[in-house]
Every structure is written in structure tokens, then in C-alpha cells.
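Please look over the sequence and the model below before reading on.

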Amino acid sequence: MQKFQVLNSPVVAFPINDIDTDQIIPARFLKRIQKDGFGEFLFSDWRYLEDGSPNPDFILNHPQSQGASILLAGDNFGCGSSREHAPWSLMDWGFRAVLSTSFADIFYNNALKIGLLPVQISPENSRKLFQTFQSSPNTTLTINLPLQEWTVSESLSSHFEIHPFAKQCLLDGIDQLTFLLSFEKKIAEYEVSHGS
Amino acid sequence: MSQPQTLFDKIWERHIVSQQPEFPTVLYIDLHLVHEVTSPQAFSGLSDRGFAVRRPEKTFATMDHAIPTLPRSLPVEDEQAAAQLERLENNCREHGIEVFGMDSDRNGIVHVIGPELGLTQPGQTIVCGDSHTSTHGAFGSLAFGIGTSEVEHVLATQCLLQSKPKSFEVLFEGTLPEGVTAKDMILAFIQKAGVGGGSGYVIEYRGAAIEQLDMESRMTICNMSIEAGARAGIIAPDEKTFSYLKGRPFAPSGEAWDAAVEDWKTLPTDEGAQFDKSFNIDVSTLEPMITFGTNPGMGMPIIGTIPELNHGLPAEKRDSLEKALKYMGLEAGQPLIDKKVDVIFLGSCTNSRMNDLRAAASILKGKRISPEVRMLVVPGSQTIKRQAEEEGLAKIFMDAGAEWRESGCSMCIAMNGDQLKPGQYCISTSNRNFEGRQGQGGRTFLASPLTAAASALTGKVTDVRNIYASG
């Protein structure tokens, strides 16, 4: 997993609530057996027109979105399916962080597992951020994971919460499976004591 | 004297391998269910690192999401789906995992066959790379969906890192009126709680109205817990649970059965146990439900009218509703009764079990569906398919003009060619009505099997209670 320390980037401001995993990555793309290449299908049904050409009205296709690695989304981001293909497609497109007032549980956990940082923001800050990025699209946002802070300017900045363990994994680029495997002895003990 | 515990507390505690304040809990997983869509990259990850599956005998696989529901003798035409199915077959063979493949008479939707085979048992921790894993909570197990990375974790270690969710008590009291089913109960709850209302919680469904439900209805309720954002949904095991499981292929038997039942009887929530939040619903006030929008929370009684845009809704809810109605081609303030529909889908891990088919068949018996609709009936498993054929239900559906299919997820997720054309309206007994869920541009109305069957007769959104009234 790629390490995450400090990220400064333009922001794709997408003011839609309840963006579900079927929109992030429609089911027909889940038949692939590879882990990479899902960025092409991100928001596919909104992003492309019927003839397959890019929808000029969709924000990801706007020039100022190119190179952005932060997504600012509406409430309840990532609701629906457990498909990890959803954070895969976001990361493959180029995002490394998503800001929202709330995340669906499974999406939140899946994102952390692969190094996509979900940052929970207050409703008030959500409104201010959308106002800022919609009026000045070239503004950038900095996320400082060690300090657990995001900043646009002196007057627009906040602390964010993250479980210390998830934070450490991101900072060090550690895959959680390595950590789990270190419990081999305890797992074996559990199995013996539970007649497994 | 120890603190009174909830059912959830008890299961959680029993499965702790390691608990330290600075890390999530290491939780042991009793049963790992696998299907073809969320497992390939997990198995590849495992082989890349040279690991074996730790407990293949606790791992069971099925093929359900992308398989065609056409006759099994036909080849799978979709090359990607065929490759994915073959990959699962190979992975299972390599690791010694039992797989109920397309030619197995035990094949079916993962959350249908788990209980059917007696794999799902009270007090267990059960995971699967699928959000409707919450279904198994109907048996008093802690069952939840996981992503592909976590599938890999469980394959390698039989454990997961989990922070303990909070607990949410949902009390259903009263007596269900005629024509109102478990599907309507859960749609009503999601409408009231919202699609994020259960986020961060494990819901325990309790109360007289839950105790009255049979196991299949309890599965319908727990299945849709995820649509309220909950981590899992759970119902205490009781005599109905034990009776359902007794004699099933993977259930304990003989002395082991007796010992298991004694243990299971200790699981229900203790008197005086505390929940982090609580919600009450009187089911006697419920009516058949239908969704009108593009998430399962956008629902209403079938005889209701779609909410007005300016009725005190906060700005962002108004925007969401407006967007949903635009996609659905509906107007605020409009009723849905008598709305013409194009397709009826009876299937999915929510409602494709025997009682769902029996309920629909009771409405369709001796009648013909409207010539203006296409109806697909997809049994949840091969076992259900056989039983429905023996009971004459399949004949009722076919005589009525519906298509009787092989088992699979089918039009719930529309990965296998069973899908809506753009703009088509479908009354579906499945669990999600997101934009494009059942096919790009497809428009889903979620409802119960009774509502689906009643509407199939008329070709329009229909209140099943009118069918009862007219006899």
C-alpha cells in the first residue's frame, strides 16, 4: 500500500448526496478478475454518454478535474454494496482522499484497507467547502495525516478523526494482512480452546 | 454478577482472539461464504504471497451473481463471466474449498443456500464479500459483508480486524394486517430511519411481531439491514430457528445437536441489557409498501402519494428527491397506484424462498398476467426450484405467462443478461433501487412478492388487498 503523509491537491467538488456504489462502479464491470484498471469505469453511467463519448457536463470530464486527487462529495458517500471495486476505481482514477459528512461503513473500511483516505467533515464545513470550490475551482486543499488536519486557508481548516491503527497503517504503507498474520499464535490458541 | 448482555455482545465476546485498546479487535470467523465476483482478487493476493487458505473446511463457495438463469445446459456466453466462474472453480479446487457450482444440485444464491444447508447457525460469526450477508443474522448469528481485501484476510487467517459497532434495538410490536409482509416491515423501517440511520450499528430486531415471523420472513428483514446503513441485523434464535435447522445437511446431529441447542438457548439478549439506541414500530399501522425513488429509503405506503418537494424538506433532501424523481420519470405529489409497469421480478436473496413463491402463486393461481408485462420468477436455489416444481408452483407461474428460471441473483444486480431496458419500470422483490441497478436507465419499484404478483395481473402498480377484497 502506498504511504500517505501530506497531500496537497485541487479538489473535485461533487455536491450529490447518497452516492451509492452502483454509481461509483456499475455491476457490469465487476466481472473482471484483475485488481487494476477500474479507473476507466468510475461513475461510468454519469461520465459517458450513450455513444461512449465523455459527457461534457460531468465534473470528472472538466479540465480543472484532471490531476485532482481529492474528491469532495455529498452526505452518505459509498452506500450500498460491499464491492471494494468502488474504492479501487476511485484510486485508479487518481483520488487519494474523499471528504464527506458521512460514509457508509463498509465503504469506509474498504477505502482504508487500500490507502484511500476517507475524511469526515462537519455539515457546516461541507457547505463552506462546496462554496469555495464551486466559486474558485483552482483552489487546493491540504490534508495532513500526521496532524489529522485539512486546510484550505487560515479561516477554512479543521481536525478530522481516524482510528490510530488505520492512521499508522496509512502513514507507514502497511498492509493490514501483515499485521493480522502476526497473531498466528493467538489464533491457534483460540482454535484449540474452541474445539475448532 | 456480570452485566446483562445483548445477543450481539455475547457473540462478539465469544469470538475475540485478541483485544488491545490501540488496535481493532481480532475477531474469529466461524463461516466464510464466497462467490465468484468478490473473490478472484483475494485468491490472487493469497497466491502472490504464497499463503494457503487457513481453514478450507470453514469456507464454502457458490456461483450466483453473474450466472445465467437460462437452462444450465447452455454455455455461459458472457466471456468475462465465464472466465470469472472458471477462476472460482480453479481457486476452490486448488485450496480444497467446497463449491456449489452451476452443475451442483445445492447451487443457489449465497444467502439462500447458507441457511438452507444448515451452514448458518446461531451464535456464529459469518462473513461474505457481499453486503446482504446480514441475511444470516436471522438465525442469531453476527453476519456482515466485507470487501475483497477482507476476504483475503479471512482466507489467510480466518480472522478479521473489527472495531465493535454500537447496538440498535428495533422493536416491532402489534399484529401484521392481511396483505402486509416482512418486506413491507423492513421497507417501512428504512423509510423512517433513512439509508444512513443504522450506520455504525448492529441492529437487533425484537418484539412480538418479529417473534410471529417464520424464518424466511426473518431473513427478509435482516437482509435489508444494510439498506439502512447498518453493519448487521440480528434476530434471537428460538424454537422456530431450531426447527428450521434440524436435520439440514451441515447442521449438527445426534448428541452434538442437543448440545448445540442448549448452547443456542443461552444466546438471546438478557433482561435489562442496554442498547445504544432504540426505535419502535407498530406493525398494525403498516400497509403494503413501495419505493418511488432511487434509494431504498424513498418509500411510501402503496396507496400514498410521492412527497411534495417543498414540504419542509431541507435543501439537500429536496435536491436528492428532485434528482430521483427526474430519473424515475415521476412527479412530486403523484400517486403510484395504477402506474403502468413493464417488468415484474420475483427473486433475489431478499424474497426468493418457498414462502415468497407460495405467496405469489396464491395470487396468480388460475389467472394470467397482463400481456403488457414480462414477469421473471427466479428461485433462490436449485433446492427451491425443485421443491417449487414438486408443489406445482412452477406450473402456476408458467400457466400465468411468467418465465420460470434457474436460480441466481439475476435481475437484482443485472450482471447476467437479465436486465431492464432503459426507461422500463419494474416492480422488484429485490433490495436496491439505485439508478441503473437493474440495467442502465432501468427504473425500479421495490415491493413484496404479494405486491409483485398482484401488479403482474393488472400490469400496473396494484394494492394486493384489493385482490383479496375482490376474491
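Predicted model: local features only at pLDDT ≥ 70, side-chain atom pairs only at ≥ 80, totals over all residues.

Residues are numbered from 1 along each chain as its sequence is written, chains are lettered from A in the order in which they are written, and side-chain values use heavy atoms, with hydrogens and water left out.

**Nonpolar cores**

- A nonpolar core is a set of buried Ala, Val, Leu, Ile, Met, Phe, Trp, Tyr and Cys residues joined through side-chain atoms within 4.5 Å, where buried means under 20% relative accessible area (1.4 Å probe, protein chains only).
- The largest such core has 91 residues, and those with the most contacts inside it include Phe43(A), Leu90(A), Leu364(B) and Phe445(B).
- A second, separate core has 74 residues, among them Ile29(B), Leu160(B), Phe189(B) and Tyr201(B).

**Helix H3 of chain A**

- Helices here are DSSP runs (H or I, at least four residues), as are strands (E, at least two), numbered from the N terminus.
- Helix H3 of chain A, residues 85-93, is largely enclosed by the rest of the structure, because 7 of its 9 residues are buried.
- The buried residues of H3(A) are His85(A), Ala86(A), Pro87(A), Trp88(A), Ser89(A), Leu90(A) and Trp93(A), and what covers them includes helix H4 (105-114) of chain A and helix H5 (148-157) of chain B.
- Leaving aside neighbours within four places in sequence, Leu90(A) is in contact (heavy atoms within 4.5 Å) with residues including Ile24(A), Phe77(A), Phe107(A) and Leu116(A).
- Gly94(A), which follows H3(A), has a positive phi, near 135°.

**Cavities**

- A cavity is a set of points, on a 1 Å grid over the protein atoms alone, where a 1.4 Å probe fits but cannot get out, and its lining residues have an atom within 4 Å of a point.
- Of the 25 residues that line the largest cavity, His65(B), Asp130(B), His132(B), Ile413(B) and Arg437(B) lie nearest its centre.
- The second largest cavity has a volume of about 140 Å³.

**Ser410 of chain B**

- Ser410(B) is in the loop between strand E17 (403-404) and strand E18 (425-428) of chain B, and Ser410(B) is buried, with a relative accessible area of 0%.
- Beyond its neighbours within four places in sequence, Ser410(B) is in contact with residues including Thr69(B), Phe345(B) and Asp418(B).

Definitions and conventions: Buried < 20%, exposed > 50% of the residue type's maximum accessible area, 1.4 Å probe, protein only. 1 Å grid on protein atoms, 1.4 Å probe; cavity = no way out; pocket = protein on both sides within 12 Å on 5 of 7 lines; lining within 4 Å. Points joined across faces, edges and corners; volume = space filled by probe spheres on them.
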